[in-house]
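This report describes one protein chain, beginning with the chain as a whole and ending with a single residue. Please consult the sequence and the structure while reading.

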Amino acid sequence: IVYYSGHGHRDASGDAYLIPYDARLPVRVGALPARDFADAVAAVQASRVLVVLDCCHAASLDVKDTTAVE
């Protein structure tokens, strides 16, 4: 289980970020790119992974795989 509760952000170019409490502007400097987060989750060697994102723009962060789990 991976659980993130915090801020999420999508900039004008469409790039998405997870933003820690101490991030500073510009967002690109202090935030975690959603693509990097998704790559880290994809690298987890487990048969199943549950990712819970409790943040703004969670649905559009593109960190989910829509592959059905049997």
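## The chain as a whole

Of the contacts in the chain with a separation of 6 or more, 44% are between residues 24 or more positions apart; contact means heavy atoms within 4.5 Å. The chain has 70 residues, of which 24% count as buried, that is, under 20% relative accessible area with a 1.4 Å probe and protein chains only, while exposed means over 50% and partly exposed lies in between.

The model is predicted, with local features needing pLDDT of at least 70 and side-chain atom pairs pLDDT 80 or more, whereas totals for chains, interfaces and linings use all residues. Residues are numbered from 1 along each chain as its sequence is written, and side-chain values use heavy atoms, without hydrogens and water.

## Strands and sheet

Two helices and five strands occur in the chain; these are DSSP runs, numbered from the N terminus (helices: H or I, at least four residues; strands: E, at least two). Their order from the N terminus is β-β-β-α-β-α-β.

Three strands form an open sheet in the order S2-S3-S4, with antiparallel pairing; two strands pair if DSSP finds at least two bridges between them. S2 and strand S4 (32–33) are the edge strands, each pairing on one side only. Four bridges link S2 and S3, and arginine 10 has alanine 16 in S3 as its bridge partner.

## Aspartate 11

Where is aspartate 11 placed? Aspartate 11 lies in the loop between strand S2 (7–10) and strand S3 (16–19). Aspartate 11 counts as buried because its relative accessibility is 18%. Beyond its neighbours within four places in sequence, aspartate 11 is in contact with Tyr17 and Arg28.
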